[in-house]
Amino acid sequence: MKPVVLNTGSRNETYKGLTVLHKPLIKICALPLDETIRAQYDWLIFTSKNAVTLFFEMYPYIKYKQVAAIGTKTEEALSNLNI
């Protein structure tokens, strides 16, 4: 019999040799649009791949000079958008 693991993370992942029960405790969603956001920035700094996706869906008109990514998954998300 395989060991049973409870995964409370937002991603439903599988692992060889384990039975994984996916019961997320959090939900990734956008906050209401911020009317004070500016049209141009010197830097955009992203700390998660989810933030990258939501930001560019909500603010496609934003202009920026530089972009920074914290972590490889965040960097991949930006790369997938050709940023």
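Buried means under 20% relative accessible area, exposed over 50% and partly exposed in between, with a 1.4 Å probe and protein chains only. This is a predicted model: local features need pLDDT of at least 70, side-chain atom pairs count only at pLDDT 80 or more, and totals for chains, interfaces and linings use all residues. Residues are numbered from 1 along each chain as its sequence is written, and side-chain values use heavy atoms, with hydrogens and water left out.

**View 1. Threonine 74 in helix α2.** Helices (H or I, at least four residues) and strands (E, at least two) are DSSP runs, numbered from the N terminus. Threonine 74 has a relative accessible area of 4%, so this residue is buried. Contact means heavy atoms within 4.5 Å. Beyond its neighbours within four places in sequence, threonine 74 is in contact with Phe46, Thr47, Ser48, Lys49, Val52 and Ala69. A polar atom of its side chain lies 3.5 Å from the backbone nitrogen of serine 48.

**View 2. The largest nonpolar core.** Such a core is a set of buried Ala, Val, Leu, Ile, Met, Phe, Trp, Tyr and Cys residues joined through side-chain atoms within 4.5 Å. Nine residues make up this one: Leu44, Phe46, Val52, Phe55, Phe56, Tyr59, Ile62, Ala77 and Leu78. α1 gives the most, with three.

**View 3. Isoleucine 45 in strand β3 (residues 40–46).** Is isoleucine 45 buried or exposed? Its relative accessibility is 57%, so isoleucine 45 counts as exposed. Leaving aside neighbours within four places in sequence, isoleucine 45 is in contact with Ala68 and Ile70.

Technical notes:
Polar contact = N/O pair within 3.5 Å; in protein donor to acceptor, adjacent residues only side chain to side chain.
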